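Welcome! Here is a short briefing for anyone meeting this structure for the first time. Take a look at the sequence and the model, and then read on.

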Amino acid sequence: MTQTGTSLPAVTATRRAVGVALAVLAGVALAVQSRINGELAVRLDDPIGAALISFGSGLLVLIVLVPALPSGRAGLRSLRAGLRDRRIRVLQCIGGVCGGFLVATQGLTVPTLGVAVFIVAVVAGQSSSSLMVDRAGTGPGGPQPVTAPRLAGAVLTVAAVVISVADRIGHSGALVLAILPLLAGLGIAWQQAVNGHVRIVANSAMVAGLINFLTGTAVLVLAYAISVLVRGTPGHLPHGPWWLYVGGTMGIVFIAVGATVVRYTGVLLLGLSMIAGQVTGALLVDEIVPGDAGRPGWNTILGAALTLVAVGVAVLPARRRG
């Protein structure tokens, strides 16, 4: 594992609690972003184009903001020095590829699945992958043990997905769509881990966000170019409300918070805390502003509740032997 060479502050109970609270709020932001990007994809009739607009808008904000701030300029210099001194690898700077895939799946699946089912599927991949990422020590906090409560929490989230899509068992198309956010969730844990390293080396959450959005946008530009060759360009941008174009800002919140607090929480606790926010926010969004998929049914609500139970189980201390 590459060491950053930076001395990390002690992980106190207070810092961990604050990190968990911020992660919950970031999870709510992701749920709201999912609805925004899903709606934009429907109105544009182009999921990849909608993802590019969302990710590209976030990139534009950070391109302006980061160089304008002294801390941003210093962070870029620190990151460049870290790459030169091999305190961080290039591979650890491409977490945005997973973010780009996540945003693309929002446009592809949310209109059909609804925000709640989408989030629960993301959760299953995220919690399962977090176990492996923590065990491998990919995050800046080093290796984390796979305890019985953590394993039980991950298993419960997978069960939650099965329950959430129970009413779609006869619709093979919807089930196949659910696989996409599941795969996106698998990538989120690794993304959060490597973004945490960028945050530490650069000493700036905004620089970590800039690098994340830069690599993610690059992948989406390539995907959009292929889409244009196949489908052609959309006729025009939708004349809709202003909030259709703020999905990228929500993404900045999600990435910056994750990169900042992962050192205090570890990848799994960060992921599970964000899950609590994602699930709660998704149910509220689907209930208050239902999309084409309608309001969440009993099975979706039960699956969402089960993910919250999984969070509680996963954070339980492991029983000491002896």
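What percentage of the 322 residues in the protein chain is buried? Buried residues make up 52% of them. Please keep in mind as you read that this is a predicted model.

**The overall layout**

- The protein chain has ten helices and zero strands.
- Among the contacts in the protein chain with a separation of 6 or more, 85% come from residues 24 or more positions apart.

**Helix H1 and what follows it**

- Helix H1 covers residues 13–44, which is 32 residues.
- Just after H1 comes Asp-45, which takes a positive phi of about 55°.

**How H4 and H5 pack**

- Helix H4 (residues 96–113) packs with helix H5 (residues 115–136) at an angle of about 135°, and their axes are 8 Å apart.
- An angle over 145 degrees would count as roughly antiparallel, and 65 to 115 as roughly perpendicular; H4 and H5 are therefore oblique to each other.
- The crossing of these two helices, H4 and H5, is right-handed.
- On the H4 side, the contact is made by Leu-102, Thr-105, Gln-106, Thr-109, Val-110 and Leu-113, while H5 brings Val-115, Val-117, Phe-118 and Val-122.
- Sorted by type, the residues of the contact of H4 with H5 are seven nonpolar, three polar and no charged.

**Two loop residues with positive phi**

- Arg-86 is not a glycine, yet it has a positive phi of about 60°.
- You can find Arg-86 in the loop between helix H3 (70–84) and H4.
- Is Arg-86 buried or exposed? Its relative accessibility is 72%, and a residue counts as exposed when that value is over 50%, so Arg-86 is exposed.
- Asn-203, another residue other than glycine, also has a positive phi, with a value near 55°.
- The place to look for Asn-203 is the loop between helix H7 (172–202) and helix H8 (205–231).
- With a relative accessible area of 58%, Asn-203 is exposed.

Notes:
Residues are numbered from 1 along each chain as its sequence is written. This is a predicted model: local features need pLDDT of at least 70, side-chain atom pairs count only at pLDDT 80 or more; totals for chains, interfaces and linings use all residues. Side-chain values use heavy atoms; hydrogens and water are left out. Axes are lines fitted to C-alpha atoms, for helices over the stretch in contact, and angles run from 0 to 180 degrees between N-to-C directions. Helices (H or I, at least four residues) and strands (E, at least two) are DSSP runs, numbered from the N terminus. Angles under 35 degrees count as roughly parallel, over 145 as roughly antiparallel, 65 to 115 as roughly perpendicular and the rest as oblique. A crossing is left-handed if the near helix is turned anticlockwise from the far one by less than a right angle, and right-handed if clockwise. Contact means heavy atoms within 4.5 Å. Ala, Val, Leu, Ile, Met, Phe, Trp, Tyr, Cys and Pro count as nonpolar, Asp, Glu, Lys and Arg as charged, and the others, Gly among them, as polar. The expected span of a helix is 1.5 Å times one less than its number of residues. Buried means under 20% relative accessible area, exposed over 50%, partly exposed in between (1.4 Å probe, protein chains only).
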